[in-house]
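Please read them with the structure open.

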Amino acid sequence: MTTSAPRPGRPVRGSVTGRPVMAALDLLGRRWTLRVLWELRDGALGFRPLQKRCDGMSSSVLQTRLTELQQALLVIRHPDGSYQLTDLGAGACQALLPLNRWSGDWAAAIDAIPPLVPEDHVCDSCGLSYPYTDTEQAADMLASLPARFRQAVAGLTDAALRRRPEPGTWSAIEYLCHVRDVFDVYTDRINQTLAQEHPVLEPMRNDQRAVQGRYNDQNQREVLDALTEAAARLRALITGITPAQRLRSATRLPGEERTLLWLIRQAAHEGIHHLHDIERPATPGS
Ligand SMILES: [Zn+2]
């Protein structure tokens, strides 16, 4: 079998013109290539020791990769049969360090987004069961929630309304703002899922919203009015959804696919769950 490394200026994977960066990405994106470069970073290695360091990858694949890396001028083969990085090869390793740092930031940004609960979620805290919550029940919850939120904050002083029970826990007004935004965002998400095939949903980024939207400085009456209107809009939307439409789906992060019925249940759950948060401020350690 003959093997050929990508060459700048000639068609490569992802580029008909073979732009140098695309040729480099084609080369470095080949299976095991980065690992081979990495294992050679400290000096020359013979074929078998290199194979061992690469978790015993097959001889034929290692031979193919080494041939490509020699053609690409990143590796040389010494007369004794050992392989070593050239200056270009060492430069490729150096060039990858910023990408390595960036990938750490990327992973952290994804990990910072709390995972979506599963389709069959049962909440330990408020007791809401997704399998036992149908569209009609969710609509009933949305109908009753605004009055329940009004009642929950009716007796609170302004200071109590804005007091965080503990540093990481929102105040009552912040929860009201959050639920208002959840109802608006889920109205958008449901409309998006009805209009597109398998749309990608943008994360809500709750804490960022709370800061940017100055949740804790908002006026109680205005927030309650907006929450009431948002709940009514969402309720009107889900009331018209057919059983077939409930099976449509959307994704958020990779692997997070959820049905439209889940979106309905989740929106109702957020309302119920945070009503409980306001009615029973969290005790430390709960
Ligand atoms: Zn809950």
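1. Start with α12. Of its 20 residues, 17 are buried, so the helix is largely enclosed by the rest of the structure. From first to last C-alpha, α12 reaches 29 Å. That is close to the 28 Å expected at 1.5 Å a residue.

2. A word on confidence. This is a predicted model. The mean pLDDT of the protein is 94. Some 98% of the residues reach 70 or more. Residues 282-286 are the stretch to treat with care: pLDDT stays under 50 there. For these residues the model has four contacts beyond four places in sequence.

3. Overall layout. The domain assignment gives two domains: domain 1 covers 20-111 and domain 2 covers 135-279. Their centres, taken over C-alpha atoms, are separated by 49 Å.

4. The annotated region. UniProt, in an unreviewed entry, places the feature "domain: HTH hxlR-type" at residues 19-111. In the model, this span is 66% helix and 6% strand. Its end C-alpha atoms lie 34 Å apart.

5. Between α5 and α6. The loop between α5 (87-111) and α6 (135-154) holds G127. Is G127 buried or exposed? It counts as exposed, because G127 has 10 C-beta neighbours inside 10 Å and the cut-off for exposed is 12 or fewer. Y215 is 88 residues from G127 in sequence. In space, the two are 27 Å apart, C-alpha to C-alpha.

6. Helix α6, length and bend. α6 has 20 residues, which should span 28 Å at 1.5 Å a residue. The end C-alpha atoms of α6 are 29 Å apart, which agrees. Where is the kink in α6? It lies at L145, shortly before the proline P146, and is about 35 degrees.

7. L145 and P146 are both among the buried residues of α6.

8. H198 is not a glycine, yet has a positive phi of about 45 degrees. R205 is also a residue other than glycine, with a positive phi near 50 degrees. Check both backbones by eye. H198 counts as exposed because it has 10 C-beta neighbours inside 10 Å. R205 has 12 such neighbours, so R205 counts as exposed as well. The cut-off for exposed is 12 or fewer.

9. Strand β4. E257 lies in β4, residues 257-259. E257 is partly exposed, because 14 other C-beta atoms lie within 10 Å. Which residues does E257 touch, not counting those up to four places away in sequence? They are S249 and T251. L116 is 141 residues from E257 in sequence, but 9.3 Å away in space, C-alpha to C-alpha.

Note on methods. Residues numbered from 1 in each chain as written. Predicted model: local features only at pLDDT ≥ 70, side-chain atom pairs only at ≥ 80, totals over all residues. Domains from an automatic or database assignment. Helix = DSSP H or I, 4+ residues; strand = E, 2+ residues; numbered from the N terminus. Expected span 1.5 Å × (residues − 1). Bend = angle between axes of the 7 residues up to and from the residue. UniProt positions renumbered as here; feature names shortened; annotations may be inferred. pLDDT = per-residue confidence, 0-100. Contact = placed C-beta atoms within 7 Å.
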